[in-house]
Amino acid sequence: MTPRPAAATSSPARQAWRRVRENRLAMLGGAILVAMAIVAALAPWIAPYPYAKTNLAYGARPPSWQHLLGTDELGRDLLTRVMWGARVSLGVGLLATLVSLTIGVSYGALAGYLGGRADQLLMRAVDILYGLPFMFFVIILMVVFGRNIFNLFIALGAVQWLTMSRIVRGQVLSLKTREFVQAARALGVSPLRILALHLVPNAAGPIIVYATLTVPAVMLEEAFLSFLGLGVQPPMASWGSLASEGAAAMEPYPWLIVFPGLALTVTLFSLNFLGDGLRDALDPQLAR
Amino acid sequence: MRRLSALPAVLLVIVTGSFFLMRLAPGGPFDMDRALPEAVRLNIEAKYHLDEPLPRRYLRYLGDVVRGDFGPSFRYPDRTVNELIALGFPVSLTLGLCALAFALVVGGAAGVVAGIRHNRWVDHLTMSLALGGVSVPNFVLGPLLILAFALGLGWLPVAGWGSWRHLVLPTITLGVFYTAYVARLSRAGMLEVILQDFVRTARAKGVREAAVVTRHALPNAVLPVVSYLGPAAASALTGSVVVETIFGIPGVGRYFVQSALNRDYTMVLGTVVFYSMLLVAFNLIVDCLYAYLDPRVTY
């Protein structure tokens with residue numbers, strides 16, 4: 001009898017973990033991300049100043065010991081704003097990825113499992129959607145349903161699932177002919193249970209890798225929308241909207257664009273490093 | 001040819017989807033702080049056919065689009081959407097083509113060199129730069145470039161449009177992401193091809209190394225790059241929205257953002273439909289190009 005997939009704590013997962021650990025850049029990226037996440041989570045308690053506190057008389061000043069990253073034109077502490085911005089930027093990145101994960105995995109798994117005509121039809125639709133200017137539809141969605149943050153991550157997640165569905169479909173297509181699936185079918189397990197408990201968990205590697213690479217893409221899109229004024233609305237701030245304010249005032253106060261931009265870039269860098277590292281460790285093509 | 005037959009259906013879906021999506025929006029372009037007098041409101045509604053039932057309006061719009069007419073702009077009453085697009089599109093097209101050309105030339109060359117010199121310092125340098133290139137958002141890079149080269153060194157203009165000097169910074173800002181991506185793709189393609197038998201055969205026959213690379217390896221290595229062109233063009237269109245905003249370039253992207261913020265329905269709708277058609281056509285060309293380069297592929 002073959003061991004159940006859940007009991008497979010031994011080789012593949014551990015080997016992959018060891019390969020990730022050996023990749024120093026990936027580990028560095030992971031460490032930076034953990035630090036960012038902690039700062040974001042604790043922002044209300046560790047930020048040096050109240051988040052919306054203005055000090056018009058103080059105005060915009062360059063970095064100093066009182067304000068490590070300087071202040072903006074309203075006298076708000078930039079370090080505090082960047083910390084709070086991390087909450088929005090990272091939060092949208094994670095939640096939108098979750099939305100895209102849900103849609104992409106179910107769509108792809110369905111197409112792969114059904115196969116034949118239905119698969120052709122479903123994937124053809126994905127091909128067509130691939131060619132469309134998606135951010136424009138997100139912009140329409142934001143205009144139509146209002147510019148609040150929940151609409152933001154649903155809209156972003158709703159347009160980011162195409163590649164995920166292709167990957168999952170490919171995996172399911174090759175997995176469903178394997179013996180353990182036949183065995184489950186012979187035992188009378190329902191198709192839905194086979195999909196959820198046997199096929200999708202076995203495709204976990206590529207799914208995790210691609211989800212890691214989706215997070216930076218989504219964060220970039222959130223920042224893009226906020227930069228244009230279509231995303232997060234003031235007084236709330238994300239790194240994108242901070243960069244937007246900074247770009248508008250960069251002529252006299254360059255630190256206002258430099259620091260939010262740096263925070264965003266370092267985070268995207270780390271995510272890409274981690275994603276590349278995970279791909280090298282988990283990619284089934286390399287493992288074979 | 002099967003793809004050609006699917007085209008009208010795709011476009012119909014796009015037009016229908018965006019049309020009804022826009023109608024869901026609460027509030028219209030004519031909602032002012034003060035209520036308009038009844039007669040004025042009725043007049044405006046009659047002029048833009050807003051008083052007709054929705055299905056009629058939809059059919060009317062569909063008919064107009066088929067004839068290539070996107071209607072009048074709600075916000076600029078004396079302009080039609082067609083005029084605004086005709087005004088902005090040459091500008092956006094120039095910018096987009098420059099950025100893509102920059103990406104193909106610089107990224108392609110860097111990727112090929114990195115592939116040939118696999119694991120040497122050129123390779124490592126290129127790949128580090130490429131990872132940086134995909135991680136720096138264009139709306140961060142753009143202002144920083146302005147800060148350095150326009151405000152700091154004074155070599156290039158800060159913003160505006162007109163001469164080639166205005167084109168340099170926007171092209172780099174828009175193109176860096178694709179340059180990095182193309183470099184990664186062409187390096188991977190090169191690595192895959194360079195070890196294959198036909199390359200070894202060419203070398204064994206005494207073909208010069210330069211010719212081996214350009215004649216034998218390159219055409220096979222660029223295939224992934226060609227298939228990336230479609231998605232790249234799609235995202236260059238969106239990217240150009242940001243770049244046009246940063247550099248004050250009078251392209252379609254800037255009109256689009258303004259009209260989205262102003263609820264200028266016809267303008268938003270017209271731009272989306274126009275860009276979608278453009279992309280569908282572009283993807284078709286890319287597919288043909290791919291089939292030409294790789295005779296194994298048939299459609």
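**Helix packing and chain contact in a predicted model**

The axes of H8(B) and helix H9 (residues 209-221) of chain B come within 10 Å and cross at roughly 150° (axes are lines fitted to C-alpha atoms, for helices over the stretch in contact, and angles run from 0 to 180 degrees between N-to-C directions). Because angles over 145 degrees count as roughly antiparallel, H8(B) is roughly antiparallel to H9(B). This is a predicted model, in which local features need pLDDT of at least 70, side-chain atom pairs count only at pLDDT 80 or more, and totals for chains, interfaces and linings use all residues. Residues are numbered from 1 along each chain as its sequence is written, and chains are lettered from A in the order in which they are written.

**Helix H8 of chain B**
- The contact with H9(B) is made by B:Phe198, B:Val199, B:Ala202 and B:Arg203 of H8(B) and by B:Val212, B:His216 and B:Ala217 of H9(B) (contact: C-beta atoms, placed from the backbone, within 7 Å).
- H8(B) spans residues 197-204, and the count of buried residues among its eight residues is zero (buried: 20 or more other C-beta atoms within 10 Å of the residue's own).
- Just after H8(B), B:Gly206 takes a positive phi of about 85°.

**Contact of chains A and B**
- Chain B gives 38 residues to the contact and chain A gives 30 residues.
- H10(B) supplies the largest share of the chain B side, nine residues.

**Helix H9 of chain A**
- Its buried residues are A:Leu195, A:His198, A:Leu199 and A:Val200.
- These buried residues of H9(A) pack against helix H3 (78-114), helix H7 (162-175) and helix H8 (179-186) of chain A.

Note on methods. Contact = placed C-beta atoms within 7 Å. Helix = DSSP H or I, 4+ residues; strand = E, 2+ residues; numbered from the N terminus. Buried ≥ 20, exposed ≤ 12 C-beta atoms within 10 Å, placed from the backbone. Parallel < 35°, antiparallel > 145°, perpendicular 65-115°, else oblique.
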